[in-house]
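Have a look at the structure below and keep it in view while you read.

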Amino acid sequence: MNEMYNMGLSIHSLGTVVFLGVLALNIVMIKQATSYPKYRRLHSIFLLPLTVSILGVALFTGVIMMAAKHLDFTIANLVMIFISLILIYLERKRTKALVAYKTLGVKILAIEIVLVLLISLWMWFV
């Protein structure tokens, strides 16, 4: 059982790192966008499903790890749940505000990267 839990934690950590990469990819694509219609099409076909899927991987593995710990809520788990809700809200807000996609999009993605990095560093080094 301990090996499964450790593997789950490894997958959860990997999902978090991949999510950081996807957020960075989103920033690069926003910066390189020259027209709004092309970016909106790219976003709706490729970036949004990729971002939501990878966030879903991190959230799903987190839920599985909570179940493996018999729903033992620690302060770290509560902070991760809270940050997950913030990330979902920010992605929804960024998707709704594609009209001002460059300035607001980069700000929202930067906030998401900082949140994910802070919680990741806290979990990896504490």
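Q: Which residues does His43 touch, not counting residues up to four places away in sequence?
A: In this predicted model, His43 touches Leu48, Pro49, Arg94, Thr95 and Leu98. A pair counts as touching when heavy atoms lie within 4.5 Å. His43 itself lies in helix H2.

Q: How do you know whether His43 is buried or exposed?
A: Buried means under 20% relative accessible area. His43 has 1%, so His43 is called buried.

Q: How far apart are Glu91 and Arg94 in helix H3, counted in helical turns?
A: They are separated by about one helical turn, because they are 3 residues apart in helix H3.

Q: Are Glu91 and Arg94 buried or exposed?
A: Use the cut-off of under 20% again. Glu91 has a relative accessible area of 5%, so Glu91 is buried. Arg94 has 2%, so Arg94 is buried too.

Q: Why is Phe125 called exposed?
A: Exposed means over 50% relative accessible area. Phe125 has 66%, so the word applies. Phe125 is found in helix H4, and its C-alpha atom is separated by 33 Å from that of Thr103, 22 residues apart along the chain.

Q: What makes Leu71 exposed?
A: Its relative accessible area is 54%, and the cut-off is over 50%, so Leu71 counts as exposed. Leu71 lies in the loop between helix H2 (36-68) and helix H3 (75-96).

Q: Which residues have the most contacts inside the largest nonpolar core?
A: They are Phe19, Tyr39 and Leu87, in a core of 23 residues. Two or more core residues come from each of helix H1 (2-32), H2, H3 and helix H4 (101-125). The largest share, 8 residues, comes from H4. Leu87 touches Phe19, Leu55, Glu112 and Val116, not counting residues up to four places away in sequence.

Terms used: Residues numbered from 1 in each chain as written. Predicted model: local features only at pLDDT ≥ 70, side-chain atom pairs only at ≥ 80, totals over all residues. Heavy atoms only, no water. Helix = DSSP H or I, 4+ residues; strand = E, 2+ residues; numbered from the N terminus. Buried < 20%, exposed > 50% of the residue type's maximum accessible area, 1.4 Å probe, protein only. Core = buried A, V, L, I, M, F, W, Y, C linked by side-chain atoms within 4.5 Å.
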